[in-house]
Amino acid sequence: MCGIVGYVGKRNALPVVMDGLRALEYRGYDSVGVALWDGAKIKFEKTIGRVASLEEKIARKPWEGKSAIAHTRWATHGKPSDRNAHPHFDCTKSIFLVHNGIVENFSELREALLREGHNFNSDTDTEILAHLIERPFLAAQKKILLEDAVLEGLRHVNGTFGLAVMSKNDPEKIVVARRGSPIILGIGIGEYIVASDASAVVNITKNVVYLHDNEAAALMPSGVQIFNLPDGKASLSKKILKKQIDTIDWDIAQAQKGGFKHFMQKEIFEGPSALENVLRGRLLDLPSALSGGGGGGIKLGGIAQIKEKLLSAKRLLILACGTSYYAGLIGKYYFEEFAKIPTACEYASEFRYANPAIDSETAVILISQSGETADTLEAMREAKRKSALTLGIVNVVGSTIARESDAGVYNHAGPEIGVASTKAFISQLGALAMLALFLGKEKNTVSPALSEKIVKELKGLPNKMKRVLGKDEEIRKLAEKYLKHKNFLYLGRKYQYPVALEGALKLKEISYRHAEGYASGEMKHGPIALIDENFPTVALAVKDPIYEKTISNIQEIKARNGKVLAVATDGDEKIGKLADDVIFIPQTLEILNPILSVIPLQLFAYHTADLLGLDVDKPRNLAKSVTVE
Ligand code: G6P
């Protein structure tokens, strides 16, 4: 949801921020722009389109300078256009800034600034910020530090921001500030890079400082100063902060395509290692005799400190968005089945405004790949205000949800760049299964024998996943066969229902085909009216205790001339006679079936989009990390 990057230091800043933009492009790709201090003035270029369009524009410009800021946009206020592209500037073109977030009191601020005589060059909320920062410079006849002007300007702002500012009035400096949108500072030797996330930083340094909400920093070649945004609107005094330097534990190679055509394809194929990584060191599969009847144990270091509080929770509430929400729906079944704790799963965006009845006896589980999704983050804060225990299942280390939740389980799935989430979903299911088993074992609602069985199966699952991935070519042919269809129904029951929702979401997101995910049993209450030979159904018909019910639903579709592409379990002879096409997956335990059955749906969506020639990794209108409400 907009990517920002800035650099101050010894190198030519232009290629550094352009590399950063390429890494951040998944966050938004409506327009793009850069501003550079060349030692005498600030040069800038911006354009509608993607990073490649900006590259073309600056290709013949021999720009050099030691500090620069840049931006890739996901439009909120003002449609994508050259004039609405960042950086934005003030009336005298002395302040340039890039912004991720939303200025909520934008209209009233704009009115007030117009009355003061400011002129606007765009329709964006962001431009307001440049004018607000210009005012203190004017008032002090430029005798003010950029960071102080930024602090003064921000006092008037309601809303969210992650922003980077430069000014010719106080050059060779970048000031950044954060409220609600992520900012990470890379601390090099004699150089500093700032960005919305680590992927734009790792090329320069692995030493980072995570800026918290209401913190700001001034980056200069001589060093960095971090301080608090002043409390309230009255005070301007800033408090200098000492912050811990963390080390990023992954490599730039992990954020590259590694021979695959698209990131999404690479990440689907990383599913088995994503599962291995989330399980690593957390499964204790000693035989029961050796572990005193405690075989199949789960060790989750991240929740050790809150274990007692978690075990005393009367109910669980899972909150998430998008794909993470669908993982949460499966998690609900896990917690109820294994830990016997009443569990609900809600969209974070709905929970926030529903005046939810939760209290200190509720444990809230936040699932988020990025750890920055605005709705999930605010839902967590709302839950904390209501005294609930909060647990994060988060992939991005050091992200806001990971930091602000009481405890959690990291996914360790590595960077996920494709906008449509794939390996993170697999990893989230692994984390949820472990958490449910952990609670079940502690509460004695799961027998050691069952736990051992699940742990053993989990360990073998990556190999079974690889067998499903081996069907890639077969699934591409099926995508080709179904390519002419514009509408799809995805059906599943119990554990397969959220998988149907996720499969439909994948197809919608990247191939722009209409796809509706539905609970198989509900089909007869509506969607069945849509069925004809042009409206195919993807049916999740794996061997589980409710298999026969699913078969009946498929019969109902066939009776209405509907085409059926089924995902079924190896050795199922019945399904072949019924469905038009079948993708077989290996046999596993009922609870683990989703980890296998989602893979063909991910591949089907991927190949459909690729065959249609669409931009798989950057689907239109979407962004990877949605940091606005
Ligand atoms: C966006 C992405 C989805 C993702 C969702 C939640 O919509 O396009 O792929 O599932 O956000 O993101 P999170 O980072 O919170 O899991």
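A residue is taken to be near a molecule or strand if one of its heavy atoms lies within 4 Å of it. The model is predicted: local features need pLDDT of at least 70, side-chain atom pairs count only at pLDDT 80 or more, and totals for chains, interfaces and linings use all residues. Residues are numbered from 1 along each chain as its sequence is written, and side-chain values use heavy atoms, with hydrogens and water left out.

The ligand is surrounded by 14 residues. The closest are Ser 324, Ser 368, Gln 369, Ser 370 and Thr 373. Four residues of the shell are nonpolar, eight polar and two charged. In this scheme Ala, Val, Leu, Ile, Met, Phe, Trp, Tyr, Cys and Pro are nonpolar, Asp, Glu, Lys and Arg charged, and the others, Gly among them, polar. Helix 9 (residues 322-339) gives the largest share of the shell, three residues. Helices (H or I, at least four residues) and strands (E, at least two) are DSSP runs, numbered from the N terminus.

An oxygen atom of the ligand lies 2.6 Å from an N or O atom in the side chain of Ser 368. For the side chain of Ser 370, the corresponding distance is 2.7 Å. A polar backbone atom of Ser 421 is 3.4 Å from a ligand oxygen atom. The protein covers 91% of the 390 Å² of accessible area that the ligand has on its own (Shrake-Rupley method, 1.4 Å probe; for residues, only the protein chains shown count as cover).

His 86 sits in the loop between strand 4 (67-73) and strand 5 (88-89). His 86 has 3% relative accessibility and therefore counts as buried (under 20% relative accessible area; exposed is over 50%, partly exposed in between; 1.4 Å probe, protein chains only). Its side chain makes a polar contact with the side chain of His 71 (3.3 Å). Such a contact is a pair of N or O atoms within 3.5 Å; within protein, one must be able to donate a hydrogen and the other to accept it, and residues adjacent in sequence count only if both atoms are side-chain atoms. A polar atom of the His 86 side chain also lies 3.3 Å from the backbone nitrogen of His 99.
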